Amino acid sequence: MSRFDPAESLTPIPAGDRASGQAGTCGAILFDGTQLRQADPRWFDPEAWGERAQRVDGSGRGGAWFIDASHGPCVLRQYLRGGMVGRFNRDQHLWRGTQHVRSFVEFRLLRELLRRDLPVPQPIAASYLRRGLSYRAWILMERIPDVRSLADQMADLPADAPLEQTGRLIARFHRAGLDHADLNAHNILFDGVGKGWLIDLDRGALRIPETRWREQNLARLKRSLLKLRGARPEADVEQDFARLRRSYDALWSRGT
């Protein structure tokens, strides 16, 4: 999926470290050694940040907190499980080796997309704590300032929402091969001058751009818009998505 990165540094979290909160755990922190001199397990504990951590509502696949860090605003996200499984196993994932740790995979995917000049948040560090055949995971990344989600903009003024910009944004990522596993209106952000970002790339992957998964991404986004329509007629959302799709198709057809 991504190339070898000589800038990566890995710091072990020893078994029984107090930051883990339980005996018998061990883990590691992955970070960019050219940007950070060292990593601290406490970065991934919201309680350790005290009043500088604020829980984010509606944070999708994981529990998330806005962090007021000394080096700038960040987002801390824990990887949680949803659906039926999440009712009895909220944060434990099956251990299949470090190469499959969800936070490490997303950290590396974000860095690869940034190398390709695509607008995603800058990852700061990723970690996991393992106990036996299960692990928990977190990622810390920059917080993009002064942005609003497509979901919020559709709720306020649907006619003014950046639907054409969204179509072009998705087409750029698809052309680069990004299969976004949870492309919904909450994971598409825009600032005041119309620049867009994609966030929450958990379980995303780089693939050969094929019609099947691209259409699945777009269908997921359409379902998201329909779910958020409130009292608006379904036909209005269909028209909104048609605007988005025309913009997507126009950029895709140019091959850039």
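## Helices H5 and H6

Helix H5 (residues 211-227) packs against helix H6 (residues 234-254) at about 150°, with the axes 10 Å apart. Axes are lines fitted to C-alpha atoms, for helices over the stretch in contact, and angles run from 0 to 180 degrees between N-to-C directions. H5 is therefore roughly antiparallel to H6 (an angle over 145 degrees). Their crossing is right-handed (the near helix is turned clockwise from the far one by less than a right angle).

From H5, Arg214, Glu215, Leu218, Leu221, Lys222, Leu225 and Leu226 meet Glu234, Val237, Glu238, Phe241, Leu244, Arg245, Tyr248 and Trp252 of H6 (contact means heavy atoms within 4.5 Å). Nine of the contact residues are nonpolar, none polar and six charged. Ala, Val, Leu, Ile, Met, Phe, Trp, Tyr, Cys and Pro count as nonpolar, and Asp, Glu, Lys and Arg as charged.

## Basis of the model

The model is predicted; local features need pLDDT of at least 70, side-chain atom pairs pLDDT 80 or more, while totals for chains, interfaces and linings use all residues. Numbering runs from 1 along each chain as its sequence is written, and side-chain values use heavy atoms, without hydrogens and water.

## Ser103

Ser103 lies in helix H2 (residues 102-115). Ser103 is buried, at 0% relative accessible area (buried means under 20%, with a 1.4 Å probe and protein chains only). Its side chain reaches the backbone oxygen of Ser127 at 2.9 Å. Leaving out residues up to four places away in sequence, Ser103 touches Tyr79, Ala126, Ser127, Ala137, Trp138 and Ile139.

## Ala39

Ala39 sits in the loop between strand E2 (26-32) and helix H1 (46-49). Ala39 is also buried, at 14% relative accessibility. Beyond four places in sequence, Ala39 touches Ile29 and Phe31.

Terms used. Helices (H or I, at least four residues) and strands (E, at least two) are DSSP runs, numbered from the N terminus. Angles under 35 degrees count as roughly parallel, over 145 as roughly antiparallel, 65 to 115 as roughly perpendicular and the rest as oblique. Buried means under 20% relative accessible area, exposed over 50%, partly exposed in between (1.4 Å probe, protein chains only). A polar contact is a pair of N or O atoms within 3.5 Å; within protein, one must be able to donate a hydrogen and the other to accept it, and residues adjacent in sequence count only if both atoms are side-chain atoms.
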